[in-house]
Amino acid sequence: YHSFILSFFLLALTLRHCGALQSPIPPVALITGATGRTGQLVSDLLLERGFHLRIFCRDEAKARELFESKNSEYSKKDGGDVENCVIEYVPGDLKSMADVKTAFETSSSSLPLTHLVFLAGGEGADYKGVNYHGVTTMAKQAVQTPSIRQIVLVSTAWATRPYSIASLLFNT
């Protein structure tokens, strides 16, 4: 079931931006929740489709442990060496607007963001902090970032809590 949902999600993302994937400048997705189960699957599929990733994470060491071998593998496929990173890490807290702004900033060595993929917290997550404040701060910053072409929000809370803050925020 999860693979069907992920395949559908990525097919929609790829078809919507198939021209971008042929461009010499690859699409770049800012992704939250990449170190979770669903986040790792989504990240792998995005990398396979030619995306560069900017991983917004609370624990950079954990993110590097999970993704550094993929970074080396895909950097080489992308025609470069390990210095030509396809994965960047941005440590921060979703409840901090300053951290979120930092995640959206493009340094001289990075490409501009084209996509925001927000994987909201599942079981045990700080519901208000992640599913409300996190979505709100990311959405506010995304609409102020002209290079963002698409925002994708995946939340198990919406499926299990139709009355959720996130559902009310986006379905009104």
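T114 is buried, at a relative accessible area of 7%. Buried here means under 20% relative accessible area, exposed means over 50%, and partly exposed lies in between, with a 1.4 Å probe and protein chains only. This is a predicted model, in which local features need pLDDT of at least 70, side-chain atom pairs count only at pLDDT 80 or more, and totals for chains, interfaces and linings use all residues. Residues are numbered from 1 along each chain as its sequence is written, and side-chain values use heavy atoms, leaving out hydrogens and water.

T114 sits in the loop between α5 and β4 (115-119). Helices (H or I, at least four residues) and strands (E, at least two) are DSSP runs numbered from the N terminus. Setting aside neighbours within four places in sequence, T114 contacts P27, V28, S147, I148, R149 and Q150. Contact means heavy atoms within 4.5 Å.

Next, the helix pair. The axes of α5 (residues 97-104) and α6 (residues 127-143) come within 10 Å and cross at roughly 40°. α5 is therefore oblique to α6. Axes are lines fitted to C-alpha atoms, for helices over the stretch in contact, and angles run from 0 to 180 degrees between N-to-C directions. Angles under 35 degrees count as roughly parallel, over 145 as roughly antiparallel, 65 to 115 as roughly perpendicular, and the rest as oblique. From α5, M97, V100, K101 and F104 make the contact; from α6, T137, M138, K140, Q141 and A142 do.

Helix α4 (residues 60-77) holds E73. E73 is partly exposed, with a relative accessible area of 39%. From E73 to V86 is 13 residues in sequence and 9.3 Å in space, C-alpha to C-alpha.
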